[in-house]
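The following paragraphs lead through the structure displayed here, from single residues to the whole chain. Please keep the model in view while reading.

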Amino acid sequence: MTKYAPSWLSLREDADAAARATGLIEPIRSFLKTQDEVVIRDLGCGTGSLGRWLARRLPGRQRWILHDRDEDLLTHALARTSRPGHAVDGSEVDVVIEQCDVTELRAADLAGTSLVAASALLDLLTAEELTKLAEACVEAGCAVLFTLSVSGRVVLSPKEKFDVEISDAFNAHQRRVTGGRWLLGPDAVDVAFGVFERLGATVRRAPSPWRLGADQAALTGEWLTGWVGAACEQRPELASEGDDYLRWRLAQCAAGELNAMIHHEDLLVVPA
Ligand SMILES: C[S@@+](CC[C@H](N)C(=O)[O-])C[C@H]1O[C@@H](n2cnc3c(N)ncnc32)[C@H](O)[C@@H]1O
């Protein structure tokens, strides 16, 4: 099981907030108005950054249930300073945590849930896990917001020929089989879209790219290191050229001469 460092989640929080597709909020607001009680589950919540972003954009009293299998991250998420403040109209936002494997949630577990949300989670699931989760959400009648799922497309400026090689190897790493599970990686949004459509749901999708420039050098540097590292783990024959490439890209980043657009997609389902 991959552990996510709170420092990494914290480093990306502002870029995530800037990237999220705000056009999907209004349909969620309208749907929540039809609910007697607003209950929102954040699956794979990490330190709770989605709740800190979304709760204050939604009206009315909200109960957030934060799910993760990592107890340390849940402890961070529950800390007073981490919790979302108030709703947009000043209403209370309650937060509880539930440690679990979110791939095991079924419709009965989601009963009474208004919105099932997740951020940067889908690529870590298998097609079967994602299908079962989508089926559970539709059967339970919840709205669904899956945000910031990687699409596999990265555009660096200035460009370099080796970018494509690294990008392809990284995407292959995201789609790897690990512990007997075949991860969806960058295919997750297309798969989710197809599953929800097959279930008769109306699905909206919207781009949510990170746009990283000189002001986000720390995040870009960390992301680059992980991107190249995973690519070389996937294709060890790239390691030598990959080391030189990473050193050169990090120097550009430190000098404020690198821009990176890392594409993600957000996906929304609102019950009819
Ligand atoms: C990339 S992090 C994103 C965290 C957070 N949503 C954010 O956007 O900052 C993925 C999170 O999902 C959690 N996770 C991954 N697979 C999970 C599973 N099957 N059940 C519960 N949590 C899971 C990890 O522990 C981690 O906190």
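A residue is called buried if 20 or more other C-beta atoms lie within 10 Å of its own, exposed if 12 or fewer do, and partly exposed in between, with C-beta atoms placed from the backbone. The model is a predicted one: local features need pLDDT of at least 70, side-chain atom pairs count only at pLDDT 80 or more, and totals for chains, interfaces and linings use all residues. Residues are numbered from 1 along each chain as its sequence is written.

Ala120 counts as buried because it has 20 C-beta neighbours inside 10 Å. Its backbone has a positive phi of about 55°, although Ala120 is not a glycine. Ala120 is found in the loop between strand S4 (115-119) and helix H6 (127-140); helices (H or I, at least four residues) and strands (E, at least two) are DSSP runs, numbered from the N terminus. Leu148, which is not a glycine either, also has a positive phi, near 55°. Leu148 lies in strand S5 and is buried, with 25 other C-beta atoms within 10 Å. For context, most residues other than glycine have a negative phi, and most peptide bonds are trans. A cis peptide bond joins Ser157 and Pro158, with omega at about 5°. Pro158 lies in the loop between strand S5 (143-157) and H7.

Two packed helices are described by the angle between their axes and the distance between the axes. The axes of helix H7 (residues 162-174) and helix H9 (residues 217-234) come within 8 Å and cross at roughly 75°; here axes are lines fitted to C-alpha atoms, for helices over the stretch in contact, and angles run from 0 to 180 degrees between N-to-C directions. H7 is therefore roughly perpendicular to H9, on a scale where angles under 35 degrees count as roughly parallel, over 145 as roughly antiparallel, 65 to 115 as roughly perpendicular and the rest as oblique. On the H7 side the contact is made by Ile166, Ala169, Phe170, Ala172 and His173, and on the H9 side by Trp227, Val228, Ala230, Ala231, Glu233 and Gln234. Two residues are in contact if their C-beta atoms, placed from the backbone, lie within 7 Å. The residues of this contact divide into eight nonpolar, two polar and one charged. Ala, Val, Leu, Ile, Met, Phe, Trp, Tyr, Cys and Pro count as nonpolar, Asp, Glu, Lys and Arg as charged, and the others, Gly among them, as polar.

Asp94 is found in strand S3 (residues 93-99) and is exposed, with 12 other C-beta atoms within 10 Å. Leaving aside residues up to four places away in sequence, Asp94 touches Arg63 and Trp64.

The chain as a whole contains ten helices and ten strands. Buried residues make up 40% of its 272 residues. Along its principal axes, the C-alpha trace spans about 60 × 35 × 30 Å.
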